[in-house]
Amino acid sequence: MEHGHHQVPIWFFIGALLTVYGVLILGVGIYSLANPPIQKVALWEKHADIWWGALLIIIGLIYAIRFRPGRSP
Amino acid sequence: MNFTPLFAAASGGTLLRLTPVDLLIIVIYFVMVLIIGGYLRKYASTGEEFFMAGRKMTAWIAGLSFISANLSSLETMGWSAMAYQYGMLGAHAYLIGAIPAILFLAVVMMPFYYICKTHSVPGYLKLRYGEGSRVLAGVSFTFMTVLVCGVNMFAMASVLHLLLGWNIHVSIWVSSLTVAVYVALGGLLSAVFNEVLQFFLIWLGILLVPILGLVEAGGLSGMMDRINAANPGTNFTSLWANMGSASDNPMGMHWTGMVFGLGLAVSFGYWCTDFLQVQRVMAAKSLRAAQNGTIIGAVLKMCVPIIVTLPGLLGLAILQEKAGIKLLPEHEAQATGGYSYNQVLPLMMARYLGPGLLGLGVTAMIAGFMSGMAGNVSAFATVWTYDVYQPLLNRNAPDRHYVSMGRWCSIIGVLIAIVTAYASMLFSNILVYLQVLVLFFIVPLFGVVIMGMLWKQATPAGGFWGLATGTLASICMFLYVHWFPGWYVPFMEKDVKDLPALAQKLHSASTPIAAHVSQNLSPQTRQLLADFVGSDKVGAMQQKGLWNRLQQAVRTPDPEVLRVRTALVKDLNSLLNQPGLYTAERFSGVSLDQAARQTDPSKLKSEDLARFNRRLLVSAFPAELAPMRKLEATQLNPRHAEHIATSPKAQDMAVNMFSAFWSLLLTIGTVIMVSLFTRPKPDSEIKHLVYGLAPLPDEGQCPWYEKPVFWAAVVGVVLVIVNIIFW
């Protein structure tokens, strides 16, 4: 699909979804940092949910803003 | 019908435990795909838009979609399991088993597909060879596609049930109706959107597993060292070094099978002529976009081992040492209550992914299942409408009629697939093997298409008979390697038709032969039988009726029942080899045929004795034990397998690879032979379809870094380097 004048590109949907997922995962990560769970996954101390959630937000925002509806290609 | 709540079991007794955040992530995904489907409806109003996404896709979208259509969850879980079981050999599917074929598609075949502007691969056959070849390919493809879709649907529901405890019926209906809605609304465009979305989800959902796994294992070299230390004497870390002989590797495959079977026949058939794949790049906005999209797909394919093979290898390196878990073949895992090879990826996810991340990983798996289903459904709708319905049933309808047919096909295809999914619960062996037959069908298809593209003398009759002969040969080879001329003798778990009844008869020693068999069981088996007969499981298993059979089929196998069945089958098979089973008193009340009564068992040895004893036991317990079969779809006859795959140790995969290669040779041979004696089409009719006659479109000058040939060469060199590094 070319990014036609009227059609919202797939990249925008991807960006929006990743941003929402990033916020949720980052939020859970910060919560579990403040309230460490009793049963921890392996390498919990690396706090993968925090930096992975942040990464998703960054990627998501880049796509969502770059390909937002109404922006000329 | 008493449906258990969808998430009832998710809180306990399952491999993965989801939190509310995880469930929210999954729900958001479903909402998003339905929004996309509804939004795209207005962009899928003509046939060209609905079936070919308007032929407007950029190279990146075409490439991502091309590779995503093949990146299903069954594939990721299955090839992770292969890596755990066979080591680096499991990565061949992403290297020699894919890359050369994808590059060949991009550079050699794509120009012909693209410039003839056909809607499908069978459509090319029509133009090149005529209606007969097109209809044969179209009917076979549509039939196989919906059946495979149904089998995958059942597999998905089973996996979700096993991992998360979700109800199988709910999984099937929710996922399939969601797919039906968004494909019926947006056609190929919708399927492609979701494939691209799935690509991001599957990478971002699983990539953390190898990253954290490598951190824990001490890097790549640390992982290799741990694997070698845990498996002395077995080479799990080489791609080619252990393929000099079929007996040197656990696949039982010689390197020739890997190169010519997987690398040539299967790979080229799958990547160059499976319409499900090719449709994605045929819908690109220009020939150059189609070619570059295909090459982008090759690059992405080469990266897939990072999220598939690596987790399997990390499982091999870490799970036993750190978690005390050793994975087993499926039947052993079921019998012992352990974990199977197929669970390596979910186990690794459970090991590293906490709340939120696990939801993302599970969403990636569900997305993989659903986009695979959507790919099948959209390909089915296209081929049915243009290659079966239009030529055979309604040739001159307006365009909107075919679009409407495509929308209805999407829904009907899903409904047929649902029926197939339920059928596969009852006849799992037959339908699982249909997937292998699909593989064998596309190999002859590749033989016919490539001959048509490269040799202008190939005739319509040659194409038709090549396709028919190759397909028939594939089916015959499949039957041959599973054929047991002297009957397949040992009992298998499925041969115990009525476990409760057999257990009760043996436990109570109600007849002389039952008493004899019971005495010859091991003490452990007798104890298992006693416990089983005394439990309430017997009553539940004896409920009759189709619905109860379905309910039992979808239920997670009870480990205790599995243990009883496995132990009983093992002891019965020991009994088969013992002389002296038959005495007139022992079989006094048993109906034996004349031949059996006249046989002198003292003169029988080895396999003949086992065969005779099995007939005796089946006669003694006709309602409880199944008779012998000449065709056993789940077992290979090693003598026959040797004829096909050059080694009696060949396993399923090796046999499939060699069968595909012979089928390809036979197809090409038939096309040549028949073409020599029949009339080819005049050059004027095939000028856009054959190498040497087709003027390739001039797409204008472009810088060197946009040329498909340049990037194909780069990818080819990288492939060689990767193979050398991991030799």
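How much area is buried between chain B and chain A, and what share of it do carbon and sulfur atoms give? In this predicted model, local features need pLDDT of at least 70 and side-chain atom pairs count only at pLDDT 80 or more, while totals for chains, interfaces and linings use all residues. Residues are numbered from 1 along each chain as its sequence is written, chains are lettered from A and ligands numbered from 1 in the order in which they are written, and side-chain values use heavy atoms, with hydrogens and water left out.

The buried area comes to about 3,200 Å², and carbon and sulfur atoms give 83% of it; buried area here is the accessible area (1.4 Å probe) that two parts lose on being put together, summed over both. Phe193(B), Phe200(B) and Leu204(B) supply 18% of the area that chain B buries against chain A, more than any other three residues. Counted by contact (heavy atoms within 4.5 Å), chain B brings 41 residues and chain A brings 29 residues.

The largest share, nine residues, comes from α1(B). This side of chain B divides into 33 nonpolar, four polar and four charged residues, where Ala, Val, Leu, Ile, Met, Phe, Trp, Tyr, Cys and Pro count as nonpolar, Asp, Glu, Lys and Arg as charged, and the others, Gly among them, as polar.

In one salt bridge, the side chains of Glu131(B) and Arg134(B) meet at 2.7 Å, N to O. Both residues lie in helix α7 (residues 131-164) of chain B, three residues apart, about one turn of the helix.

Chain B also carries a nonpolar surface patch of about 630 Å², with Trp173(B), Leu177(B) and Trp408(B) among its residues. Such patches are made of residues with over 30% relative accessible area and no salt bridge, nonpolar side chains (Val, Leu, Ile, Met, Phe, Trp, Tyr) being joined within 5 Å and like charges within 9 Å; accessible areas come from the Shrake-Rupley method with a 1.4 Å probe, and for residues, only the protein chains shown count as cover. The largest share of this patch, five residues, comes from α18(B), and Leu177(B) is found in helix α8 of chain B.

How values were computed
Helix = DSSP H or I, 4+ residues; strand = E, 2+ residues; numbered from the N terminus. Salt bridge = Lys/Arg side-chain N within 4 Å of Asp/Glu carboxyl O.
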